[in-house]
Amino acid sequence: MPTRTRFTIWRPLAAVAVTLLTAAFLTPVAAHGTTGLGAPRESRPVHSYEHAIREAVWVDTGLDGDGDGRPDRVAVDVVRPREPAERGRKVPVIMDASPYYACCGRGNEGQRKTYDADGRVVGMPLFYDNYFVPRGYAVVGVDLAGTSRSDGCVDIGGRSDIRSAKAVVDWLNGRARAYTTRTGATTAVADWSNGRTGMIGKSWDGTIANGVAATGVKGLRTIVPIAAISSWYDYYFQQGAPLYDSGPDRLADYVNSPDARARCAETGRRLVEGAPRTGDLTPLWAERDYVADARRIKASVFVVHGLQDLNVRARHFGQWWDALAENGVDRKIWLSQTGHVDPFDFRRAGWVDTLHRWFDHELLGYDNGIDREPMADIERHPDQWVTSEVWPPAGTRAATLRPAPGPRPGVGALGLRKGTGTASFTDDPRLSESDWAARVDTPTPDKAGFVTGPLTRALRLAGSSRVTVTATPTTPTAHLSAVLVDLGPDTVRDYTASGEGITTLTDRTCWGASTAGDSACYKETRAATADVGFTVLSRGWADLGTHADPGKGAPLTPGRAYTITVELAATDHVVPAGHRLALIVAGTDRDLIDPPADTPALSLDLARTSARVPFVGGAPAFAAATAGSVTGPPAVPGGRLDGVPAAPRSHRIPGNRTA
């Protein structure tokens, strides 16, 4: 299993000591919290936000994505403290590169950039500039190529998107050229930057941070990807099964600026041709797979993701995290019960404090102890958090669970012993995982369900599962869904409601300094909860036609058996004593994948079907939790349980919930 790696301070300890002693003479004592020896431990808000320097530059990306015969320039808005600049001191940078600054807005309140008559940014979305500029950081907002005031074309996580942001990191380190206007010849030099940059952002913004880090660019010291994509193929497909009925061309058109739409038809054509709705893994998708380039990452990574995110689904953080671990990347993780929600809106005070200490450690080199704290924070119940020293926890090992016939026809059992016989179902695209789980104790024609008896002790799952299925279809096309379900009463965040686990209130709290044009005060939130009788804790999908090649589907021969392994999303969940664990295998998961061309019936060979599930304590923990437990009659009269309602089919854009 992955083990925790020790954080690497950005320079040798001897150099840190010399620099910190020098800083003590150059910086007012009030600027830092200190230890008894005078070493800084915390940056303090000693600089004026009102009098901060606000400027715009256009960085040359070296590309000509829009084909106008000149290199594309991307707009970069900078807010930085005036006092260090006046003293000749350089500052680190916190950067958010986004396609949403003009079209759609950022954050829970949909903020957009605003400008004065001279084109200088007045209102920068989110709290980063309000909070960190007074503490001695510059905050930089980058308009991705093709959006807002930038040249070029959006290409959905491809070369243009990533180069847009990487060029800015290069400019901050003196390796790229920028100009004071979009078309002029006067250059702008980032002589105020010390070169140390941290990237942050939610959804597409965090995705860009992942992609830039995967280039290995020098000067990028840390990234904080929130609900971020790690592979664009896995945003639109999983193992050939289409997750949405649209492609990247539609998304590009959504965020391109009006003038970019007029000049980027060729880019749109390439997106259509390179991303066929067949689900084949084409070169276009390979270019947008950041997991494959994780070996190049030099930056530390602080991952944040909702375990019930049905927009950028939890598979993204799971495969990214595993790749980081395999390549020895310094890392930290927060996992919430929410959907596609920023931690500022589900754990605000703790998030601001943790992010502050993270950036102080990673960009200023302060020994504030965050590298010695537990690696993972996990929301176990709404607003109730636990920690793990490492993640997945030490002692986590995969157990092989086997489906078998149960004591009643049509309701199967789940255990460690290999089963025999078959189970059958017919794809019903009208039904979802919620419908299957609600009737797991009742024989229905749309699913095959397998359930343990009530657990005699709690059982913790942590990491990614996989389900291997041997299935015989009746048609040339078939899709499969596999879900793990905790059967038992609980109170959870209502992740399929409009707020995806939060309710926005009217009262505001303030996080940093404000000006007339940029308030640091944001609406408070509280957890939106639901009382349920079951919780879907992990899910995965596949086109059975990809059984031989996960990158290319093929027609099936009706009546022939095929074996495929379906990868399930990562999770961290405790199934309490008295609850039951279920595995459900079915066809189309309504609103989460699209149906196949046919409506197949499938027969599962139970002797060749299994689930590899990571338990803390491995197979012995599962055996102990199920010892003496017998699969019995339905827990609820009539066999129907209540859960969070099925997800609405509204997720199309990796951005705000309202997008």
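This is a predicted model: local features need pLDDT of at least 70, side-chain atom pairs count only at pLDDT 80 or more; totals for chains, interfaces and linings use all residues.

**Working through the model**

Colleague: Which residue does a disulfide join to Cys510?

Modeller: The partner of Cys510 is Cys521, and the S to S distance in this disulfide is 1.9 Å. The angle about the S-S bond of Cys510 and Cys521 is 95°, and the link is right-handed. Cys510 belongs to strand β25 (residues 502-510) and Cys521 to strand β26 (residues 521-527), so the pair ties together parts that are eleven residues apart in sequence.

Colleague: What kind of bond is a disulfide, in general?

Modeller: It is a covalent bond, made between the sulfur atoms of two cysteines.

Colleague: How many disulfides does the count come to?

Modeller: The count comes to three disulfides. If you number the bonded cysteines of the chain in sequence order, the pairing reads 1-2, 3-4, 5-6.

Colleague: How far apart are the sulfur atoms of Cys103 and Cys104?

Modeller: The sulfur atoms of Cys103 and Cys104 are 2.1 Å apart, and the two residues form a disulfide. The torsion about their S-S bond is about -90°, so this disulfide is left-handed. Cys103 is partly exposed, with 29% relative accessibility, whereas Cys104 has a relative accessible area of 15% and is buried.

Colleague: And what about Cys153 and Cys264, how far apart are their sulfur atoms?

Modeller: Their sulfur atoms are 2.0 Å apart, and Cys153 and Cys264 form a disulfide. The torsion about the S-S bond of Cys153 and Cys264 is about -85°, so this disulfide is left-handed. Cys153 sits in the loop between β8 (138-143) and α4 (159-172), while Cys264 sits in the loop between α8 (258-263) and α9 (265-274), so the pair ties together parts that are 111 residues apart in sequence. Both Cys153 and Cys264 are buried.

Colleague: Let's change topic to strands. How many residues of strand β20 are buried?

Modeller: Five of the five residues of strand β20 (residues 411-415) are buried, so the strand is largely enclosed by the rest of the structure. Val411, Ala413 and Gly415 point one way from β20, Gly412 and Leu414 point the other way, and all are buried.

Colleague: Do β19 and β20 run parallel or antiparallel, and how many bridges join them?

Modeller: Strand β19 (residues 396-408) and β20 run antiparallel and are joined by four bridges, and Arg408 stands opposite Val411 of β20. The hairpin of β19 and β20 has two residues between the strands, and in this hairpin Gly410 takes a positive phi near 85°. On the other hand, β20 pairs in the parallel sense with strand β22 (residues 447-451) over two bridges, where Gly412 stands opposite Phe450 in β22.

Colleague: Now the rings. How many aromatic pairs does a search of the whole structure find?

Modeller: The search finds 28 aromatic pairs. Take Tyr236 and Tyr244 as an example, whose ring centres are 6.5 Å apart with the planes at 80°, so this pair is edge-to-face. Tyr236 also forms an aromatic pair with Trp285, and that pair is tilted, at 5.7 Å centre to centre and 40° between the planes. Tyr236 lies in helix α6 (residues 233-236) and Trp285 in helix α10 (residues 283-287), so the pair ties together parts that are 49 residues apart in sequence. Tyr236, Tyr244 and Trp285 are buried, and they belong to one aromatic cluster that also includes Tyr100, Trp204 and Trp232.

Colleague: Which ring does the charged end of Arg347 sit over?

Modeller: The charged end of Arg347 sits over the ring of Trp334, 4.4 Å from its centre. Arg331 lies over the face of Trp321, at 5.3 Å from the ring centre.

Colleague: Last topic: which residues of the largest nonpolar core touch the most other members?

Modeller: They are Val168, Trp192, Met199, Trp204, Trp232 and Trp391, in a core of 90 residues. Helix α4 gives the largest share of this core, with seven residues. Leaving aside neighbours within four places in sequence, Met199 is in contact with several residues, among them Met95, Ala165, Ile208 and Leu220. A second, separate core has 38 residues, including Leu414, Val469, Phe615 and Phe622.

How values were computed:
Residues are numbered from 1 along each chain as its sequence is written. Side-chain values use heavy atoms; hydrogens and water are left out. A disulfide is a pair of cysteine sulfur atoms within 2.5 Å. Buried means under 20% relative accessible area, exposed over 50%, partly exposed in between (1.4 Å probe, protein chains only). Two strands pair if DSSP finds at least two bridges between them. Rings of Phe, Tyr and Trp (its six-membered ring) pair if their centres lie within 6.5 Å; planes under 30 degrees apart count as stacked, over 60 as edge-to-face and the rest as tilted. A charge sits over a ring if NZ of Lys or CZ of Arg is within 6 Å of the ring centre and within 35 degrees of the ring normal. A nonpolar core is a set of buried Ala, Val, Leu, Ile, Met, Phe, Trp, Tyr and Cys residues joined through side-chain atoms within 4.5 Å. Contact means heavy atoms within 4.5 Å.
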